[in-house]
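Open the model in your viewer and follow the stops below. Each one says what to select and what is there.

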Amino acid sequence: MANTPTLSVVVPCYNIEAYVSETVTSLVNNARDDFEFVFVEDRSTKDRTYEALLALTERLPRSRVIRHEHNGGLATARNTGIDASEGRYLTFLDGDDWLAPGYLARLVDVAQRFDVDFVRTDHVQVTGVERAVHRAPEGRRHIPLDPRTSILPVDDTTMVDYPYAWAGVYHRRLLDKGLLRFHDGLRTAEDRPWIWGLHRRAESYVVASLRGVFYRRGVASSLTQIGDVRQLDFFRSFDLVLAELADDPEAGRLRTKALRNYCVVIAHQLLDRGRFERGVAAELKRRAAEALRAMSEDELGKAVVGMGEERVHLLRRVRGGLKGVAA
C-alpha cells in the first residue's frame with residue numbers, strides 16, 4: 001500500500017441512510033490500494049446515517065468517517081473532507097449518488113495522462129427509474145485547454161453553467177493555489193463561486209467523455225426539494241462570484257456572463273416559488289428585486305438576450321423598468 005494516496009474521494013453525507021448502502025457499494029467496486037475515501041457525516045437529524053456509515057465502511061479499504069459536531073452544510077462538509085484528505089488528486093461524491101465500477105481508475109488515468117489542473121466529465125442523471133446522459137458543455141474533448149476559453153459566450157451554455165464538483169477530478173496543486181475549497185456556510189449554489197474560480201485562475205484542464213457518475217434527482221432530503229430559507233443562499237453565492245470578478249483583467253467581458261447566470265437562477269427560483277414557505281417566498285422576491293436593481297439596465301439588456309419572454313417578463317416585473325430590454 002502506498003503511503004501517499006493517488007486519489008482522495010470526499011463524500012459529504014446528511015440524512016441519506018436510505019441511499020448510502022448503494023453509494024458505499026459503488027466505492028467498494030472502485031477501491032484501489034492507493035485510493036482513500038473520506039466520509040463527512042454532517043450531523044444528520046432524521047435518520048441513522050452516521051451509524052450506517054460506520055457499519056458499511058468496514059468493507060471499504062482505506063476509508064474513514066468524520067462526524068461534525070454541528071450541521072454546517074454541503075460546502076463546509078466538503079471543506080472538512082478536503083482538509084482531511086492526503087491524495088495527489090481529489091474528487092467528490094454526494095452521499096446519495098453512486099459510481100460505475102472502475103470509474104475512478106479511468107478518471108485518474110485521464111488526469112495522469114494529461115497532467116492538467118483538473119478534468120471534467122459527463123454524468124448520468126437519475127430520476128426514479130429514468131436515466132439521462134448530461135454532457136459537459138464543451139465540445140473539445142481529450143485535449144488540454146485553457147479554462148478561460150470555456151467561460152464565454154454569454155448567451156450559450158458553457159462550463160461555468162456546469163458547476164457540479166463531483167463531475168471531475170482535481171490536482172492537489174489547486175488547493176495550494178487557494179482554488180479547491182468552497183465558501184464555508186453556503187448551503188446551496190456552493191459550486192458557483194468555486195467553478196468560476198477554477199475557470200478564471202487555473203491553468204489547464206481536459207474534458208473527458210466519461211459517464212460514470214450517477215446523480216440522483218428528486219431525493220426528498222435534498223435541499224433542492226426543500227423550500228426553506230437555505231435555498232436563498234444562492235444570492236450570497238452569486239454576489240461572491242461578482243465580487244471576486246471585480247479585479248479580473250477581463251472583468252468587463254466576464255461580468256455579463258456572471259450576471260446572466262445570476263438572472264437565470266433568479267428567474268428559475270421565482271417561477272418555482274410555489275414550493276417555498278410563504279415568508280421565504282416573500283424574502284425571495286424582495287432579495288431578487290434588490291439584486292436586479294444593483295444591475296444597470298444596460299448590463300441586464302446584454303445579460304438576458306435569448307432567455308425567453310416568460311423569464312425576461314418576470315425579471316422586468318420584479319425589478320421594475322427594463323421596458324426596452326428584449327427577450
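Start by selecting S2, helix H2 (residues 49-56) and S3: together they make a right-handed β-α-β unit. Right-handed means that, with the strands pointing away from the viewer, the path from the first strand over the helix to the second runs clockwise. Helices (H or I, at least four residues) and strands (E, at least two) are DSSP runs, numbered from the N terminus.

This is a predicted model: local features need pLDDT of at least 70, side-chain atom pairs count only at pLDDT 80 or more, and totals for chains, interfaces and linings use all residues. Residues are numbered from 1 along each chain as its sequence is written, and side-chain values use heavy atoms, with hydrogens and water left out.

Pick Glu41: its bridge partner in S3 is Arg67.

Leu7 has Phe35 as its bridge partner in S2. Bring in helix H1 (residues 17-28): S1, H1 and S2 make a right-handed β-α-β unit.

Is strand S2 (residues 35-41) mostly covered or uncovered? Covered: seven of its seven residues are buried, meaning under 20% relative accessible area with a 1.4 Å probe, protein chains only. Phe35, Phe37, Phe39 and Glu41 are buried on one side, and Glu36, Val38 and Val40 on the other.

Last stop: Thr76, in helix H3 (residues 74-84). Thr76 is buried, because its relative accessible area is 18%. Contact means heavy atoms within 4.5 Å; not counting residues up to four places away in sequence, Thr76 touches His68, Asp184 and Gly185.

Note on methods:
Buried means under 20% relative accessible area, exposed over 50%, partly exposed in between (1.4 Å probe, protein chains only). Two strands pair if DSSP finds at least two bridges between them.
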